[in-house]
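Thanks for making the time this morning. I would like to walk through one model with you, so please have the structure open as I speak.

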Amino acid sequence: MKFYIGSGMKNSRLVQYYAGILKKNGWQQTYDWTVHVNQEVSARDICGYAEAEKQGIADSDAVILLLPAGRGSHVELGMALAWNKKIYLCTSNREDFSIENTVAFYELPQVVRLTGTADENLKRIMEG
């Protein structure tokens, strides 16, 4: 199974954890944006990263979004929805899905919302 993980940069270590576990279980990561965290970047670099992230989503079977996520992650969610990808929204905080905090697109039927520890969420993702 090919996967892409989106989240805010502050969650880069958690993204790496999820990716490591999935890869150990035979999954293939289509793009790892975390390699660029804490690097000095130009506008041109950012444009290149955006193209690589877009291709990573296009090449994936599943898109995993770790909450809390930023604006860019929600653009990635939109691409995944448009391309009919399997989508997992993962959080350890039930409040992320409360009516006050939710995003309407989280409620679509092709979006699987997972609340638990990273290991609990990963187990459910791998079960399909």
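Let me begin with a definition: a residue is called buried under 20% relative accessible area, exposed over 50%, and partly exposed in between, using a 1.4 Å probe and protein chains only. Please keep in mind that this is a predicted model, in which local features need pLDDT of at least 70 and side-chain atom pairs count only at pLDDT 80 or more, while totals for chains, interfaces and linings use all residues. Residues are numbered from 1 along each chain as its sequence is written, and side-chain values use heavy atoms, with hydrogens and water left out.

Tryptophan 27 counts as buried because its relative accessibility is 12%, and phenylalanine 3 counts as buried because its value is 0%.

How many aromatic pairs does a search of the whole structure find? There are 2, where rings of Phe, Tyr and Trp (its six-membered ring) pair if their centres lie within 6.5 Å, and planes under 30 degrees apart count as stacked, over 60 as edge-to-face and the rest as tilted. Phenylalanine 3 and tryptophan 27 make a tilted pair, with 6.2 Å from centre to centre and 55 degrees between the planes. Since phenylalanine 3 lies in strand β1 and tryptophan 27 in the loop between α1 and β2, the pair ties together parts that are 24 residues apart in sequence. Phenylalanine 97 and tyrosine 106 form an edge-to-face pair, because their ring centres are 6.0 Å apart and their planes stand at 85 degrees; both of these residues are buried.

Now to the strands, where helices (H or I, at least four residues) and strands (E, at least two) are DSSP runs numbered from the N terminus. Strands pair if DSSP finds at least two bridges between them, and β1 runs parallel to β2, residues 28-29, with 2 bridges joining them. Phenylalanine 3 stands opposite glutamine 29 in β2. With β3, residues 62-66, β1 pairs in the parallel sense over 4 bridges, and tyrosine 4 has valine 63 as its bridge partner there.

Finally, consider helix α3, where Ser73, Glu76, Leu77, Ala80 and Leu81 are buried. These residues lie on the same side of α3 because they cover an arc of only 140 degrees around the axis, the arc being that of the directions from the helix axis to the C-beta atoms. On the other side, Arg71, Val75 and Ala82 are exposed.
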